[in-house]
Amino acid sequence: MTSSPLTLLEVEAVARAAHEGQTDKAGRPYAEHLAAVAEGVRLRGGSPEQQAAAWLHDAVEDAALSLHWLDAAALPQQVKDMVLAVTKRPGEPVEEYAARILATPGALLVKEADLAHNADPVRLSVLDEPTRARLSAKYAHVRSLLGLTAP
């Protein structure tokens with residue numbers, strides 16, 4: 001018997017629990033970033049599946065959840081595919097990462113919302129200048145590879 005898919009609220013709860021105690025580069029609770037990306041996806045017209053992927057977009061990359069968990073989770077395959085598409089792999093060239101995102105239906109919108117929040121000037125303003133400059137250049141490069149215009 002197949003269990004029904006996790007609801008968006010259940011996915012949010014799983015993501016918040018998985019990242020409990022983690023902070024972003026600015027020292028803020030990591031769940032704030034996840035919420036901002038999910039909201040960014042929603043505001044861009046993203047589907048519930050894309051919003052679920054937004055909540056989980058860093059879970060595997062940050063080892064908050066395992067690949068095994070994702071594989072076994074009661075989630076539509078499209079959500080799993082998007083999460084895997086936006087999960088950076090160790091040593092992977094950024095060009096391959098961008099190509100995978102572009103090749104995965106729905107993943108570009110999730111990454112666009114992620115980049116928009118990561119590059120938010122308010123969020124970056126609390127970082128030291130070298131870190132801010134390095135991250136801004138990194139985000140701009142990924143945006144260019146994905147064919148996204150400046151935020």
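Biologist: Why are Glu129 and Arg132 described as separated by about one helical turn?

Modeller: Glu129 and Arg132 are 3 residues apart within helix 9, and that spacing is about one helical turn. Helices are DSSP runs of H or I with at least four residues, strands are runs of E with at least two, and both are numbered from the N terminus. This is a predicted model, in which local features need pLDDT of at least 70 and side-chain atom pairs count only at pLDDT 80 or more, while totals for chains, interfaces and linings use all residues. Residues are numbered from 1 along each chain as its sequence is written, and side-chain values use heavy atoms, with hydrogens and water left out.

Biologist: What makes the pairing of Glu129 with Arg132 a salt bridge?

Modeller: The term requires a side-chain nitrogen of Lys or Arg within 4 Å of a carboxyl oxygen of Asp or Glu. The closest N and O atoms of Glu129 and Arg132 are 2.6 Å apart, and the pair therefore qualifies. By this rule the count comes to 9 salt bridges.

Biologist: Which parts of the chain does the salt bridge between Arg44 and Glu112 tie together?

Modeller: The side chains of Arg44 and Glu112 meet at 3.9 Å, N to O. Arg44 lies in the loop between helix 2 and helix 3 and Glu112 in helix 7, so the pair ties together parts that are 68 residues apart in sequence. Arg44 is partly exposed at 37% relative accessibility, and Glu112 is partly exposed at 23%.

Biologist: What links Arg123 to Asp24?

Modeller: Their side chains form a salt bridge of 3.0 Å, N to O. Arg123 is in helix 8 (residues 121-124) and Asp24 in the loop between helix 1 and helix 2, distant parts of the chain 99 residues apart. Both residues are buried; for Asp24 the relative accessibility is 11%. The 3.0 Å approach of the two side chains is also a polar contact, a term for N or O atoms within 3.5 Å where, within protein, one atom must be able to donate a hydrogen and the other to accept it, and residues adjacent in sequence count only if both atoms are side-chain atoms.

Biologist: Which residues of the largest nonpolar core touch the most other members?

Modeller: They are Leu56, Leu75, Val83 and Leu146, out of 41 residues. Helix 1, helix 2, helix 3, helix 5, helix 6, helix 7 and helix 9 each give two or more residues to this core. Such a core is a set of buried Ala, Val, Leu, Ile, Met, Phe, Trp, Tyr and Cys residues joined through side-chain atoms within 4.5 Å. Beyond its neighbours within four places in sequence, Val83 is in contact with Ala53, Leu56, Val60 and Leu70. Val83 is also one of the buried residues of helix 5, whose cover includes helix 3, helix 4, helix 6 and helix 7.

Biologist: Why is the protein chain called as compact as a globular protein of its length?

Modeller: The chain comes to 9 helices and 0 strands. Its radius of gyration is 15 Å, close to the 15 Å of the globule rule for 151 residues, so the description applies. That radius is taken over C-alpha atoms, and the rule is 2.2 Å times the number of residues to the power 0.38.

Conventions
Buried means under 20% relative accessible area, exposed over 50%, partly exposed in between (1.4 Å probe, protein chains only). Contact means heavy atoms within 4.5 Å.
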